Amino acid sequence: MLTQKIIAHRGIYDNIKIPENTLLAFKEALKHNLPIELDIHLTKDNKLVVFHDYTLERMTNQKLTIELLQIKDLENITLLNCKEKIPTLKEVLNLVNGKVPLLIEVKCKTSEKTIIETLLNELNNYNGKVYIQSFNPKLVKILKRRKTRYKIGLLINKNKKIWKIINYPYLCIKYIKPDFISIHKSLIQKKYIQKYTNKIPILLWTINSNEELTKLSSKYIYICDNIFQINPTS
């Protein structure tokens, strides 16, 4: 698993001069030699783009859904008040080029097999370290069955209604057998998480300060925002 204890969440960004999940944000992470977490979506014409939300509204003020757009529809859209645009996964892979590990979150509500095939094809000639994770248990299970060279993780969120069902998170972990679990930091004391703390790596998100880091055990890996306020060597 990752040897570094801090991962730059969506790169290093401030969403003022440097928008999240952009080539500029990833260049900043590379300067600090930090692993990078990023999010991918599949466009209508089966291209992978790097963006967090399912819609463009928060970052562009346009009420458009990425999965309903073609890549040509996104090419001239800029983010916030910057010149930065939504990068393709291929552009990010070319930029990083194995310099630091990548943690790729696959955003997918349907068409799991299509996005998996597209992602694995794009990664086929990439030589850097890559870890793949998703909130979608079906997608994670499919990836695990593929027996790829990548470590596959299950994301667990405190706010999703499905995760609040009694024993559902535990049953998902037990059935899927992910290589790691990536959880919201507030869930670390849950019994079903503690059961796995000495069995598989656990990633905590999202850590925002050195104060939070000092309160947490060094056994975990931290996905961090506000890297400018956090010492990357902590």
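The structure is a predicted model, in which local features need pLDDT of at least 70, side-chain atom pairs count only at pLDDT 80 or more, and totals for chains, interfaces and linings use all residues. Residues are numbered from 1 along each chain as its sequence is written, and side-chain values use heavy atoms, with hydrogens and water left out.

The chain holds 9 helices and 9 strands. Both are DSSP runs numbered from the N terminus (helices H or I, at least four residues; strands E, at least two). The radius of gyration is 17 Å, close to the 17 Å that the globule rule gives for 234 residues, so the chain is as compact as a globular protein of that length. That radius is taken over C-alpha atoms, and the rule is 2.2 Å times the number of residues to the power 0.38. Along the principal axes, the C-alpha atoms fill a box of roughly 45 × 40 × 35 Å. Of the contacts with a separation of 6 or more, 56% join residues 24 or more positions apart. Contact means heavy atoms within 4.5 Å.

Buried residues make up 52% of the 234 residues. Buried means under 20% relative accessible area, exposed over 50%, and partly exposed in between (1.4 Å probe, protein chains only). In soluble globular proteins, nonpolar side chains tend to be buried together. Here the largest nonpolar core has 58 residues. Such a core is a set of buried Ala, Val, Leu, Ile, Met, Phe, Trp, Tyr and Cys residues joined through side-chain atoms within 4.5 Å. Ile36, Leu38, Ile40, Leu89, Ile104, Leu119 and Ile132 touch the most other members. Helix α5 (residues 112-123) gives the largest share of this core, 5 residues. Residues up to four places away in sequence aside, Ile36 touches Ile7, Ala8, Gly11, Phe26, Ala29, Leu30, Val96, Val100, Pro101, Leu102 and Leu103.

Helix α1 has Ala25, Phe26, Glu28, Ala29 and Leu30 as its buried residues. These pack against β1 (6-9), β2 (36-42), β3 (48-50) and α4 (89-96). Lys27 also lies in α1, which spans residues 23-31. Lys27 is partly exposed, with a relative accessible area of 43%. From Lys27 to Ile193 the C-alpha to C-alpha distance is 34 Å, across 166 residues of sequence. Just after α1, Asn33 takes a positive phi of about 60°.
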